[in-house]
Structures are given as C-alpha cells and as structure tokens.
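These are my notebook entries on one structure. I set down what I looked up, item by item.

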Amino acid sequence: MQISRALALGFGFGFLQVACVAPSSSAPSSAQSANSAPVVDKQASPSPTAWQDKRLSADQRAELLVNAMNQREKLTLVTGYFGVQQDWNHYNFKEARPQSAGFVPGVSRLGFTPQWQTDAGSGVATQREAPPALERTLLPSGILGASTWNPPLAELGGKMIGSEARSSGFNVMLAGGVNLMRDPGNGRNFEYGGEDPLLAGTMVGALVRGIQANHIVATVKHFALNNQELGRDRVNVVIDEAAARISDLLAFQIAIEHGDPGSVMCSYNLVNGVYACQNDWLLNQVLKRDWGFKGYVMTDWGAQHDTVLNANHGLDQETGVAQLGNYVFLDKLAGAIERKQVAQARLDDMVRRIARTLIEKGAVDEPVQLGPIDFAAHAQVTQAAAEDGIVLLKNQGLLPLGAKAKRIAVIGGHADVGVLTGGGSAQVYPPGGNAVPGLGPKDWPGPTVYAASSPLAALRSELPKATITWQSGADLEAASAAAQEADVAIVFATQWTTESLDFSLTLPDEQDRLIAAVARANKHTVVVLETGGPVLMPWLDQVGSVLEAWYPGSRGGPAIARVLSGAVNPSGHLPVTFPRTLEQLPRAKTAGEGLPKDAHFDVHYDEGAAVGYRWYAKKGHDPLFPFGHGLSYTTFAQSKLAATVDGGELKVTFTVRNTGKRAGQSVAQVYVSPVAGGWEAPERLGAFAKVQLAPGESRVLTLTVEPRLLSNYDLERKAFRIAPGVYRVSLKNSARDPGQKLNVSLAERVIPHK
Ligand code: BGC
C-alpha cells in the first residue's frame, strides 16, 4: 500500500472499541402519535417526520428532529468518516461518494439526509487514491481569486463549483479558506485570500455565497491562525487577543458575514496553548457568542483530540474517522454524557446546529442528485476569473505582444501542454487529466498535476501570424539560442506548492538560472510565473515584463495567452506583498524548521496585527512588489477626492477616469490611518472597488470605509472602538503608492458585536 493520506495526516491505528454506526431502528419515546399541525407543540408529541413540514422555520424543524431522535441517531450526526474506499479506511461506507473527503451517515428512519463532503475552494476535488480521478472544472487558485478584487466574479465562480458539487452528489463543500498570509512560504497560500482581512474576507465570503446558492453547505476554514503547514498539528500559535481580533479573526468574521457559511472548520494547530478544535475562546466565545454563528463547527480531518474538551468547548462534528474506534464522539460522547462530564443539552445543541443548517441551506429539501455538468459553460467561468486576476507586475513596453512580435520563443514550465495546479486535499483533477504525469511526491500530497490547457497552443491561436517556437528549458544553451533568434522570449516558471508542506521562496529546479540565461540572450524577455504565493526574483532587473498567473485553473492556457496578446487588458492586483529579501519578513525561517519530526513548538506572532503590507510600512521596508500593485495596458487618473462622515460612517468619494486608449478595469484602494498613530502599523486598507471603464470614460465612486478597519479591539469593552481624532484617508494604487490624501475628523464610536 502506498503511504495513505490518513498516515500522512498522522492518524493513529491504536486500540479499538467496537463501534456500531447504523442508526438504531427503535423509535424514541417522544415520537408516538402523528401530528401534522405546522405549529411546534412539545406537549403533543409530534410524529417522527413532523420535522419535514416545510411550512415551519428551520429552527422549528431542527427542534422537532432533535426531539424525534434517539441517542444513537444523535451520535450518528456528529461523527464523520473519511469518504475514501481504501484498505486503510476501516469504514469504507458504500454510500459515501467514491474517493471523497468525508461522509456522515443519515438517519433513514426519520428521512434525514446523509452528508457527503468534498473539498474545496477551487472545485470538486478527489482524494489522490482515486483511480480514475473525477474530472471537474478547476477555478483559479484562491490567491488568484483574491487578485481580481472582484467579489461578483468570485461569487460566480462559487456558483459554478457549487453546482458541480451538487451534480457530483455532494451537499457539503469544504470551501472557503481564509487564513491570512503571514508566512509567504506556507504551502497553502494558494488556497487562501491573501494577507489583508478586508480583501480576503470579502472575496472568500463572496465565493461561499456563490457555492451555497446551490442549496449546499460551505465550510469556512481553517479556524484559526493555521498559517503554516510545517508541524501544523503541533504548532502553538502565540498571539495577543486584541491583535488577533483585528487581523486573522477579522478575516474570518468578514467572510462569515458576507458568505453566511453553514459550517466552520476548526484547524489542526494550537492557539495560545489550546488545540483550535477544543478552544473555548475561539469556538464558544469568539465564533458562537460574539459573532452569533448559528451553524456548526466541524474539525479538520482528525483534528479532534479529547471528547470532553471538544464537546464542551464548542465542537459540533468530528470528521475524518478512518479507524475503528478512533473517534472522540460516538460511544465516547455517550459515556461522557452518562458520567455527566458533558451535558445532554450540548449533544442536542450539536445536532440541532447541524440539522438546522442543512435544512436552512436547502440541502434537506432539495437533495443533491448526480447529474450532467455543462463543462463548456463552466470553462468560460473559470477562464473569465483567470483573466480578471492575472497580475501584470512589470512591463517595460514588451506587452501586449500584439502584431509587433513576429518571432516568439516560448520556454519552460511545461507551457507546451498545460498550467500548474496546487496540491493536497484541494487537488482538483481538471478535464483532460494530468498533462504532466510522473512529477511530485509518489504518495500524498502528490502527484503534481498540470491542467491540460496549453499556453503555447493558445498563444499560437491568438497570434496566428507569429512564428512561435518551443523549448522545454531543460537545455540552457538551446533555450538561449531560441531566445536569441526571437523578437521576444517568454519564459514560464513554475513552483508547485501544496497542503502539508512549506516552500522556499526561490524558484525550484534552477529556473532562476534559466531565466537569467534567456534574459542574457534576449533583453526582450517576458517571465510568466505560475506560483502558489510570492517568490524572489533575482533576475527582475534583466527582464522586460513579468506576469504573475498563480495557478490559473483549467482554462489557464487561453487566459495567459489572451493577457499576453492584449485580447485581455490585465486588471489583477496583488493580494499579498512580494518580499525583496527573506530578511524583510517577520520570520525569515518557518517556525519549527530543523526540530525533530514530532516536536511541539511555539510560533510567536510578535508582529501582532501588522501582517503583510502593514509590517513592511511599519518597518520601512521596500518590498519587491507591494500589496495592491498591478499594471494595466491603459492608464487611469483619480481626482476630486472627498470624504464625509454620515451617521458615523466614513464615506469616500472620488472620480476615476480611463486616460488611455484601451478599455480596462481600475482597482480603487482606499487606505486609512490615524494621524496621531496608535495602530499596529501606519495604514490599513479600508475600502476598495473595481470598475470597468471605456477609453476616456470617467466614473464617480463613493465607498464606505469598513468601520472595524478604523478601530482597534477594546478588550475591556469587548468591542471594536474608533478612537476620536483626525484620520488620513488615502486613495492609492497600491500600499506603497503615495496617492492622494485628505484628513477627516472622526468621533468616538464603539462597534459592539452583532
Ligand atoms: C485539510 C482540509 C480538508 C480536509 C478534508 C485536511 O487535510 O486540511 O482543508 O478539507 O483534509 O479533505
């Protein structure tokens, strides 16, 4: 047997108790006589199926269901299993969808649906052991989604992947990754929404909204502060509460407000000494009490540790059970309830939350069904997303290629056959299978998968009059010779990143050498990056243009080609800062590096809420590319900046004009800062908007600054608080742009939790 995902996740094969998961058929004592009235009347002992009455509210129905269930059925709903049919999975439920992430049996006696769970935020994933892999449309990676700064587009993408989840028989999509980028080497940065709480929260919230429009549940994750993969189940994140509330937690809070996810997944790591999935502060106090979250908390796969602490501290559903008896709920929870370590009311609350959510989101009344998928239509959705989020980082007149480049040398990155995708549980196998088989780890989280969408082929069809040659890049001399003979050389450079591993910021496989060699041969060199996060660019001064295409999804080839050719005017802007050197980072080395394999360790987030661009500004570092940066083939001018305070809300008005000759999209970024200081860093992003403008067109925009971005978190009041005083409002093109500024006075404002 290959090393399985279960082993990679570190699940034990310890000693076993016999578990029976089949729902008992004995009727509960409370479920005796039928009562079809839509009004909940506890005295009247409604029929066991009274909960199915659609005229009742989700709360009422969930209550009836809980009352109709026996203890075994309740325990069934809070215990989730690995969905894969593999020899290491003891349970191997035949009702689980083939090779899926998770399965929770239903309660057939009461007609309550099973839960079929699939990853993730870029599409319907398949566990690697799945031959043949389910082929599904792949959206661009989350970080590219955030680079669009375009929430309606993210929502459209969510709708698309959610519909594929539905048609593939899944009613829970483990999607909505919103961990902030604190460490650029985190192998999962590609799944997330970048480094800023407002941008990440808004974009991920929009994706979640789209997914759930399909009457399925989405799961915002990984709650919380799971910002590195190295030792992810052993690392203890140490952070000050007030700082967490205005950074990582604010990203989750905003995503939850915008997306209303049915579920939140707690993470593997510890936070301030306590595992996230048994962390009373995170789950009971912050999420459920302060934010009023009415959905349910599920563990990341196998992140449950202690029955009593998990139950009492806010966990509602354990997941990923693969070995007999290796669970924390099921029988163990029954025992803990009998011993009065956990109240029966807590189990009822877990079940009520799960049932209410599935009813409210429509997963119960509109059961998922296997059905056809319109791959052609979905290809357009993913291509549009990629075209909107690819970021033009540098351009010294080489792009767009247009008609002037007659001879083009395309080199490297497997651009002849495909585009790179991110690995791990989020791995989607796009239509056409893996274009470059045999790469990456043999066992999970491998293999490395390239989507069969060739930038080279797409470029040839975009520019039929040009002569476009191909070199793999394996032979430096051949690559340089091809570059020398061309008008323009385009080097594709890739860096595979994945769940469960962290990465160096240096491009692998000597690609820096390849780029430098090509640039020496032809100063008209364009670099196209396909990376999961920021990378260092020692060759930057030698090349003419750089495009960051991230992992651009199953139509990445045409999307990249159309940006290069000029058919699409790039409008992506960075949702993260690219460091110039590792020394600029709060941690030049990933915490835990070099420690023994099983060591527990701390990571101290001494930077507090000064994440990303805020850190660079505080330290006066000049990054390689700042947060918010992104070039266009047209030019924009912003003018008439004004600000008003209206009912306590800060509103910023300005005019944006397309001053160039091409239609394009401008991303307006409003940053705020207290003139007297007192924040973790000089400035924060407070509002943004993306607008499409024809040449010469102008638009007046009014944006409301998110008040929590004007606040600090006041631990005594347990609320966000805007300190009275003078604030600077800056309208900028990136976090480093001087922009235009004005000052405005704000009164004190306390913003209580909803
Ligand atoms: C990942 C989650 C994922 C789960 C199920 C875990 O390894 O951290 O993001 O949803 O597996 O596949």
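At what angle do helix α5 and helix α6 pack, and how far apart are their axes? I worked on a predicted model, in which local features need pLDDT of at least 70 and side-chain atom pairs count only at pLDDT 80 or more, while totals for chains, interfaces and linings use all residues. Residues are numbered from 1 along each chain as its sequence is written, and side-chain values use heavy atoms, with hydrogens and water left out.

**Entry 1: a helix pair**

I found that α5 (residues 151-167) and α6 (residues 197-212) pack at about 35°, with their axes 6 Å apart. Axes are lines fitted to C-alpha atoms, for helices over the stretch in contact, and angles run from 0 to 180 degrees between N-to-C directions. Helices (H or I, at least four residues) and strands (E, at least two) are DSSP runs, numbered from the N terminus. I noted the crossing of α5 and α6 as right-handed, that is, with the near helix turned clockwise from the far one by less than a right angle.

I then listed the contact (heavy atoms within 4.5 Å). On the α5 side I recorded Pro151, Ala154, Glu155, Gly158, Lys159, Ile161 and Gly162; they meet Thr202, Met203, Ala206, Leu207, Arg209, Gly210 and Ile211 in α6. Ala, Val, Leu, Ile, Met, Phe, Trp, Tyr, Cys and Pro count as nonpolar, Asp, Glu, Lys and Arg as charged, and the others, Gly among them, as polar.

**Entry 2: the largest cavity**

I counted five cavities of 30 Å³ or more. On a 1 Å grid over the protein atoms alone, a cavity is a set of points where a 1.4 Å probe fits but cannot get out, and a pocket is an open set with protein on both sides within 12 Å along at least five of seven lines; lining residues have an atom within 4 Å of a point. Grid points are joined across faces, edges and corners, and a volume is the space filled by probe spheres set on the points.

The largest cavity has a volume of about 410 Å³. Of its 35 lining residues, I noted Gly121, Ser122, Pro140, Ser141 and Gly142 as the closest to its centre. The helices of Entry 1 return here: α4 (142-147), α5 and α6 are the elements that give two or more residues to this lining. I classed the lining as 19 nonpolar, 14 polar and two charged residues.

I traced an open sheet in the order β12-β19-β18-β17-β13-β16, with mixed pairing; two strands pair if DSSP finds at least two bridges between them. β12 (391-395) and β16 (467-471) are at the edges with a single partner strand each, so one side of each has no neighbour in the sheet. β13 (residues 407-411) and β16 pair in the parallel sense over five bridges, and Ala409 stands opposite Thr469 in β16.

Helix α16 (residues 511-521) lies across β13, β17 (488-494) and β18 (525-530), and runs at about 175° to β17. α16 also gives the most to the lining of the second largest pocket, with three residues. I recorded about 490 Å³ of space in that pocket. Its lining has 24 residues, with His414, Thr494, Pro508, Asp509 and Gln511 nearest the centre.
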